[in-house]
Amino acid sequence: MVAPDEKRRRVESNSRGPARSRVFQPFRALGYITNDVPFVIETRGQDFFMTTCVGHNFQTYNLAKMNLLFVSPRTQEPITAMTSASGATFVAHGTIIGTYKRGKEIARIEGKGDYTIMQILVLGQYIAALCDDNVLRMWNVKSGELYTEIEFGDSFTATTMIHPSTYLNKLLIGSTQGTMQIWNIRVSKMVYQFKSFGAAVTCLEQSPVVDVIAIGLLDGSIILHNLKMDEKIDTVHQDDRVTSISFRTDEEQMMATANMHGDIALWDLTNRRLLHNMKAAHGGLIASLTFLTNQPVLVSAGADNAVKQWIFEQQNSVPLPLKSRSGHYAPPTKIRYYGNDGTRILSAGRDRALRMFSTVRDAQNYEFSQGHIAKKAKQRSVTEESLKLPIITDFASASAKDKEWANIVTCHMNDNGGRTWRTKNKAIADHTLLSSDKSTNKTACISACGNFSFIGSASGQIDMFNLQSGLHRKTYGGADGHKKAITGLASDVANRYLISASVDRKIQIWDFKTAVVLHTVELESPIVKIEFHRENNLLAVACDDLGIRVIDMETRNIVREFWGHRNRITDITFSPDGRWIVSASLDTTVRTWDLPSSTMVDIFKVEDVVSSLTFSPTGDFLATAHVDNVGIFLWANRTQFANISLRSIVDDEVAELLELPSLAGMDEQDTDEELEAPTQLGEDLNTAEQLADEMITLSLEPKAKWQNLLNLETIKKRNKPTEAPKKPEKAPFFLPTVAGAKAKFDLSDNDKKPQIGDSKQLHMSQLDMSTEFTRHLRTGHESSDYTAFITYAKSLSPSLMDVEIRTMPVDSELTCMNNFIEAILFMLQSRKNFEMAQAWLSVFLSIHGDIIVANPENNIHSKLKETLAMQSDEFGRLSAQIHYGLCLIDFARR
């Protein structure tokens, strides 16, 4: 078998340069369980593991708890067939058969030609593949070499195959002509051909009895046939095409058959009669049906994106649902994050279901119950689907009162009754909110407190209900109200006003208590959708003229307008901080608009139109729902974990086409490609030390450098050891050091040999009390430029700076202190390192203030007065600018 060349594929992917968005990165997909490719069940000890196909990925579940174990990487083409043997899973996609263990590809077989594999079987060291070009191909599993090819004639179009038990090197193959052939694959020779059964063979299944095969036909017939004798044992009939057959392997003699309409028929083989017909067990074609080995449990999977387990508790009894995993089997119409933790997404789909999805654990996904519709369907002899509520067109939710009463309200297609739901019970609630004028409900909203619900109708009327009692409270309408259908409702965080939008191009602000119109904003185009950000009181309005307008509810004026979409806007959402608006349109683009700069900062395109989108309350993910896709797709916000520099994007820039997130999430190599290296300021940017001479500039030193200097005494007391240091037993050898705060060894004369007559006595003239600190001060005084001193002083730590100030030499003229004050005055005059100068001056005066006071005739006093005057002038200038800005902001607020 040929192992995949991971290194070659990684190099190729890097050279192509993947298309990507600057802000959003594909993360993973939610809500996919299975499709119409038959699943594979493998037994390991007492545990059963099921592998289901979901397009380009497959998932493996533990059937005992129905928990997801692992997801495979994305394949190049959609998966068309699967099987398992010897602890490995074999997956066919296109002309490739990959071998996987625990979701990781370990080897692959690559076929040559233009065909697609329909079914695969493992026969010892060989793997057989039935292809859509009417050819049976076999490869050696270990070497990957093609073993044989069997071409069927035009009179025999193969549809399915099976390996009959105890038939060595034999394959039984069914056809659309209704005939079957037995082939010896070792010698590539047909052994026997059966007569036609009158209809195309759709599925084959080995029975617990040797030589007996169950044959499913296109006309709904199921034939039990003895291969050895070529005799028909029995025939039963089911409605329409048979898609799967399974035999019970415990004490009961039972056969289960499934058809394309989602029905499961249970047959008693002993008495040759129908036991039970499970109508609409699935919402669509049932692709797989399997009894667990020696257990009274039936597992079924269908194209309705659901896997179900059924248990037989008594002999010949009707099976009861045991466990299930399901998702939408029609595209979602609206999705919204629920709660503030950002881990749950509420979704309404065209399959007439309301579901909750967890972004952290798939086992926590569930569908809201619509009551005892299964019992009612059985009593009325109808399908459960016909008793479900109409398609949900809009919903609203609030988590404030989720423990007390209903906290979700839904509007349904062509229905005047709004339904209430409880997340606590995961089911529909008791109250139905009927519109007062009997017109169809269009949109819903729940107040921030969770006590009231608002429903807008097609007539333009708005009704308010109490969610606890379900009673109608008031109506927002009348002569000043809307005259056409309501398209959006929102309420503020304090229940002061209600915002409504309508097709009549008006946005009206109502008094929450009196239901009186306070203000009306007329726009140029009918309103499609609105989104209100309660924290910053901004209302985003999407209109039919393809524009997005942002209205400030405090001033009630339009503050921003965004243009760029080329087709109808489908949905809009705010980022949690209110800085961005993300919008989707029928032009298949998703655009991100920056409110402060009033520009578009990101755009990308997807293959399928985004029907709904929502931003996580924590800001880490954007969730999207797409037409023709039953899942929910998560996009990671790259600004949360990478240094992203955003820029304004011109409308004519070509949007990159991105692939939708896969079930497996991002590969590690893709993550490395997507991440940008953080911007190095020192390499690309030259920061000016001072932008203008009149501008007061702070130093670039850390804040702790001057703050710790002011609080050094407190820090020393806090860090003082509880026990005094002990004297070492043997004092170490000390090298001579140079004078100064920084410890430096004096090694200048180490190699100098002592001369005769050298004296060991030290004269006073040889003592040098100056340090590098004082030398820089003296040099600055002589040149009237203290730049070198300031640079050196800024390099000292707070404790070293404190030592230098304390050990400053004191003479009768206070020379060093005068030089230090001159350096401070130099810093203030240049308006640089302003906060550093304040900290140094404060420490200097607290240490040497008594000496300065004791010398009133010294020139240092005049220099201190000049320093005080300079500081007062600069602070007054800065204070005037600050007060001017505050007054301007206060005026703008009013």
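Contact here means that heavy atoms lie within 4.5 Å. Leaving aside its neighbours within four places in sequence, Phe 773 is in contact with Phe 789, Tyr 792, Leu 796, Met 801, Glu 804, Met 808 and Phe 820. The model is predicted, and local features need pLDDT of at least 70, side-chain atom pairs count only at pLDDT 80 or more, and totals for chains, interfaces and linings use all residues. Residues are numbered from 1 along each chain as its sequence is written, and side-chain values use heavy atoms, with hydrogens and water left out.

Phe 773 also belongs to the largest nonpolar core, which has 34 residues; such a core is a set of buried Ala, Val, Leu, Ile, Met, Phe, Trp, Tyr and Cys residues joined through side-chain atoms within 4.5 Å, where buried means under 20% relative accessible area, exposed over 50% and partly exposed in between, with a 1.4 Å probe and protein chains only. Among the residues with the most contacts inside this core are Leu 777, Trp 840 and Phe 844. The elements that give two or more residues to the core include α8 (772-783), α11 (815-830) and α13 (860-893), while α12 gives the most, with 10 residues; helices (H or I, at least four residues) and strands (E, at least two) are DSSP runs, numbered from the N terminus. A second, separate core of 21 residues includes Tyr 32, Val 54, Val 606 and Phe 615.

Turning to the aromatic rings, a search of the whole structure finds 23 aromatic pairs, a pair being rings of Phe, Tyr and Trp (its six-membered ring) with centres within 6.5 Å, counted as stacked if the planes are under 30 degrees apart, as edge-to-face if over 60 and as tilted for the rest. The pair of Phe 27 and Phe 621 is tilted, because the ring centres are 4.8 Å apart and the planes are at 40°. This pair links strand β1 (residues 24-30), which holds Phe 27, with strand β55 (residues 621-626), which holds Phe 621, across 594 residues. Phe 27 counts as partly exposed because its relative accessibility is 32%, whereas Phe 621, at 14%, counts as buried.

Tyr 32 and Phe 633 also form a tilted pair, since their ring centres are 6.2 Å apart and their planes are at 55°. Tyr 32 lies in the loop between β1 and β2 (40-44) and Phe 633 in strand β56 (residues 632-637), so the pair ties together parts that are 601 residues apart in sequence. Both Tyr 32 and Phe 633 are buried.
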